[in-house]
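This report walks a new reader through one structure. Please keep the sequence and the model in view while reading.

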Amino acid sequence: MMQEIIVKEEKVTPKENLTSKEKLTPKDYLNKVLAGTATGIVVGLIPNAILGSVFKSLIHVSPIFATFYNAVSIMQFVVPLLVGVLVALQFNFNPMKSIIVGSAVFLGSGAYKVTEHGVQMVGIGDLINIMLLSAIAVYVIRAIGDRLGSLTILLLPIIGGAGVGIIGMFMLPYVSKITMIIGNGINNFAALQPLLMCILISISFSILIISPISTVAIGIAIGIAGLGAGAAAIGVTACTAILVIGSSRVNQSGVTLSVLLGAMKMMMPNLVKYPIIAVPIIANGILCGIGGYLFNISGTAKSAGFGITGLVGPLAAINSSSSIMAVLLAFIVIPFVGAFVIDWFCRKVIHLYDENIFKYI
């Protein structure tokens with residue numbers, strides 16, 4: 001029995017030491033942070049993406065659906081915590097260290113604001129700051145290693161959790177300016193000729209939805225509306241369609257369905273590893289932008305960043321007096337037929353890439 005215990009201890013101890021001493025490159029950090037972020041976003045957002053609209057429409061049937069709706073809606077607010085924990089697991093952290101990383105990320109995420117009436121949840125936070133904080137928290141905890149000894153349980157949450165979280169709070173206003181700068185640039189497109197405006201906004205949102213930038217935050221921050229908001233929602237849909245068509249060939253159905261339901265950001269690691277993936281996305285964004293202009297698709301600031309997720313974009317267009325046929329053509333037919341043709345042309349005709357660039361990392 002004593003020999004078995006000794007063998008088990010020998011297997012565990014080197015692994016813990018390897019976790020804190022293994023040298024990692026910036027590329028290793030980037031890949032692991034992207035992977036954890038993508039998974040965290042899917043876990044946190046999918047329940048609301050699938051069930052949110054359904055439960056909301058059934059609230060008048062029974063009050064219990066209000067509870068269901070609140071559950072899936074509120075779950076989105078823990079995305080920063082989920083991302084932090086899942087990033088930590090990418091680095092083989094134990095449960096305590098993982099939850100400390102998650103806590104630090106949540107503290108500096110911007111998912112909440114402190115008011116005179118208490119703490120108020122406001123969203124999923126700033127994804128750029130979330131990713132930066134994940135990397136910082138992991139780095140700090142790896143640097144500390146086992147130096148705290150028996151005081152680890154007392155000091156590590158203070159240093160790696162609250163300490164890094166405070167750093168994130170100071171970083172947040174400055175990092176958030178990146179989103180504002182991009183948003184202001186996109187907002188300037190509104191002064192252009194309507195067709196060109198629709199194309200440029202559609203392209204912008206088609207790329208932003210697969211980046212750490214929140215399209216929803218951009219839409220609300222710049223107050224985009226009317227034809228521009230419609231083009232933004234269609235641009236998000238353009239990216240969705242390309243990713244769905246590409247993913248369906250190389251991934252399990254669950255991955256493809258997640259993307260279709262709104263988890264486009266889970267493919268961020270693919271954009272980093274295979275930047276060429278932006279070519280078909282931009283091409284489809286152009287095509288869909290033209291479609292949005294031709295069918296006069298409109299929207300609101302709150303619908304601009306959603307695309308077809310929860311049918312937010314299509315419903316906003318219908319409420320803005322667009323016909324159901326025009327909405328079907330702009331949000332379903334043009335994006336998905338266009339995605340199929342563009343992907344086929346890029347892969348089979350000009351051999352720009354192979355289907356493996358859509359393989360979920």
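Two residues are said here to be in contact when heavy atoms of theirs lie within 4.5 Å. Ser134, leaving aside its neighbours within four places in sequence, is in contact with Val83, Gly84, Val87, Val101 and Val105. Ser134 lies in helix 6, which covers residues 127–144; helices (H or I, at least four residues) and strands (E, at least two) are DSSP runs, numbered from the N terminus. With a relative accessibility of 0%, Ser134 counts as buried, where buried means under 20% relative accessible area, exposed over 50%, and partly exposed in between, using a 1.4 Å probe and protein chains only.

The model is a predicted one, in which local features need a pLDDT of at least 70, side-chain atom pairs count only at pLDDT 80 or more, and totals for chains, interfaces and linings use all residues. Residues are numbered from 1 along each chain as its sequence is written, and side-chain values use heavy atoms, with hydrogens and water left out.

The average pLDDT, which is the predictor's confidence in each residue on a scale from 0 to 100, is 86 for the protein, and 94% of the residues score at least 70. Over residues 1–18, however, the pLDDT is below 50, and this stretch has three contacts in the model beyond near neighbours in sequence. Where pLDDT is low, the predicted coordinates should not be read in detail.

A nonpolar core is a set of buried Ala, Val, Leu, Ile, Met, Phe, Trp, Tyr and Cys residues joined through side-chain atoms within 4.5 Å. The largest such core has 59 residues, and those with the most contacts inside it are Ile201, Leu243, Met266, Phe331 and Phe358. Among the elements that give two or more residues to this core are helix 2 (26–57), helix 7 (152–187), helix 10 (226–250) and helix 15 (324–349), with the largest share, 15 residues, coming from helix 10. Apart from this core lies another, of 28 residues, among them Ile100, Ala137, Val138 and Met268. Met266, when its neighbours within four places in sequence are set aside, is in contact with Ala38, Val42, Val255, Ser258, Val259 and Tyr360.

Tyr29 lies in helix 2 and, at 15% relative accessibility, counts as buried. Not counting residues up to four places away in sequence, Tyr29 touches Leu24, Phe91, Ala135, Val138, Tyr139 and Arg142. The C-alpha atoms of Tyr29 and Val87, which are 58 residues apart along the chain, are separated by 9.5 Å.

Helix 7 has 36 residues and reaches 49 Å from its first C-alpha to its last, close to the 52 Å expected at 1.5 Å a residue, the expected span being 1.5 Å times one less than the number of residues. Helix 7 also bends by about 45 degrees at Leu172, with a proline, Pro173, following within four residues; the bend at a residue is the angle between axes fitted to the seven residues ending there and the seven starting there.

Strand 1 (residues 112–115) and strand 2 (residues 118–121) run antiparallel and are joined by four bridges, two strands being paired if DSSP finds at least two bridges between them. A hairpin links strand 1 to strand 2 through two residues, and Tyr112 stands opposite Met121 in strand 2.

Most residues other than glycine have a negative phi.

| Residue | Phi | Relative accessible area |
|---|---|---|
| Asn92 | about 60 degrees | 48%, partly exposed |
| His351 | about 50 degrees | 60%, exposed |

Asn92 lies in the loop between helix 4 (79–90) and helix 5 (95–107), whereas His351 is found in the segment after helix 15.
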